Amino acid sequence: MFIFSTDAYQDFTKKLVKQARLKYGRLTIKKFADGEIYVKVKEKVAGQNVFVVGTTAPPSDNLVEFLLLCQALTLAKVKSITAVLPYLGYERADRLKEAGEAVSAKLVADLLKFSQVKKIIALDLHSQRVVNFIKEDIKLVHLSAIEILAAAIKRENLKKIIVVAPDNGALTGAKKLAKFLSCGVAWMEKFRPRHNVACVRKLYGDVQGKQAVIFDDMIDTAGTICQAVCCLREAGAKKILVAATHGIFSGPAIGRLRQAPISIVFVTDSVLISQKKRIKKIRIVPVTSLLSKNL
Ligand code: R5P
C-alpha cells in the first residue's frame with residue numbers, strides 16, 4: 001500500500017514506511033515563481049487505498065499542498081484516502097466567540113471532506129469541537145501522545161510530582177497525564193487580552209516543594225508556558241518541567257524557553273523542529289511507532 005507525504009514530512013513518513021511496511025509514494029512537488037504549488041503523483045494508484053501524511057505547520061502553504069495532493073490522488077482514481085495528520089493547524093478558532101469571526105477549524109474539516117478524505121488519523125486535536133467537526137463527515141481515529149510523554153517523564157525518576165494545566169483547555173489532558181504518572185493535578189486560569197498574549201491569573205492546587213510538570217497540547221509562542229512557570233515559582237514549585245504534544249515554537253518561543261527556569265521541555269515530533277530550535281532542554285519524543293500501529 002502506498003503512503004504519500006507532503007514535502008515537509010518526508011523524513012517522518014520514511015520512518016512510518018519502515019515501521020508499517022508500506023511503499024513510499026513518489027511525487028513531484030514544486031513551486032511556481034509566484035509561490036503557487038504544483039503537485040504530481042508519480043505512481044499508478046488507480047483502485048488503491050492510500051495514505052497521505054500532512055502537516056499544517058506553518059499552516060497555509062502546507063494545507064494547500066496537502067489538499068492538492070489529495071486532489072491529484074482523487075484524479076488518479078484512488079479507491080480511498082486516509083489522511084495521517086500528526087499536527088492539524090487552524091484549530092484554535094473552533095467556535096464563534098465574537099460576531100464576524102471565521103471558524104477556521106470548521107473550514108478545515110470541510111476542506112478535508114471535499115478532498116475526498118475518508119478517514120483521518122490525528123494526534124491530540126485541540127478540542128472536542130474540532131473532533132466533532134471532523135466526525136460529522138469523516139471517520140476519525142484520534143490518538144494521544146500523552147502516554148508516550150508520560151513514559152519519557154517517568155525515565156527522569158522525579159519525586160513528588162504534580163501535573164499542572166496552564167488553562168482550562170489543558171485540564172483533560174493534564175488529568176490523563178497525571179493518571180499515567182500516578183500523581184495529582186493543579187490548574188490555572190488563563191485569559192488572553194489579545195491574540196498570542198497569555199495572562200495566567202490564578203493557581204488552584206498545592207505545588208509547594210513539588211516537581212511540577214506543565215502539560216499543554218501545544219507550545220506556540222511559549223507565552224502560556226512562561227506565564228505558568230512564573231506562577232509556579234511564586235507558589236514554591238521546586239523544579240519545573242513541561243510536556244506538550246505539539247512543539248510549534250514560533251516567534252519568541254525558543255528565547256523564552258531558554259531563559260525560563262524549566263529543566264526539560266518534552267515535545268513529540270508531530271511538528272518538524274529545525275536544528276536551530278533544538279536547544280538542550282528540548283527533548284523530542286517520537287510518535288511514529290504510535291501512528292504506524294494505527295495505520
Ligand atoms: C491554547 O488554547 C492552547 O492550548 C495553548 O495553550 C496555546 O496555543 C499555546 O500558545 P502560546 O504558546 O502562544 O501561549
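A residue is taken to be near a molecule if one of its heavy atoms lies within 4 Å of it. The structure described here is a predicted model, in which local features need pLDDT of at least 70 and side-chain atom pairs count only at pLDDT 80 or more, while totals for chains, interfaces and linings use all residues. Residues are numbered from 1 along each chain as its sequence is written, and side-chain values use heavy atoms, with hydrogens and water left out.

Around the ligand there are 14 residues, of which Asp 216, Asp 217, Thr 221, Ala 222 and Thr 224 come nearest. The strand β12 (211-219) and the helix α7 (223-234) each supply at least two residues of this shell; helices (H or I, at least four residues) and strands (E, at least two) are DSSP runs, numbered from the N terminus. The largest share, 4 residues, comes from β12.

A backbone N or O atom of Ala 222 is 2.8 Å from a ligand oxygen, and side-chain N or O atoms lie at 3.2 Å in Lys 190 and at 3.5 Å in Asp 167. Of the 370 Å² that the ligand exposes when taken alone, the protein buries 91% (Shrake-Rupley method, 1.4 Å probe).

Ser 270 is located in the loop between β14 (265-268) and β15 (282-285). Ser 270 counts as buried because its relative accessibility is 0%, buried being under 20% relative accessible area (1.4 Å probe, protein chains only). The side chain of Ser 270 reaches the backbone oxygen of Thr 245 at 3.4 Å.

Definitions and conventions. Buried means under 20% relative accessible area, exposed over 50%, partly exposed in between (1.4 Å probe, protein chains only). A polar contact is a pair of N or O atoms within 3.5 Å; within protein, one must be able to donate a hydrogen and the other to accept it, and residues adjacent in sequence count only if both atoms are side-chain atoms.
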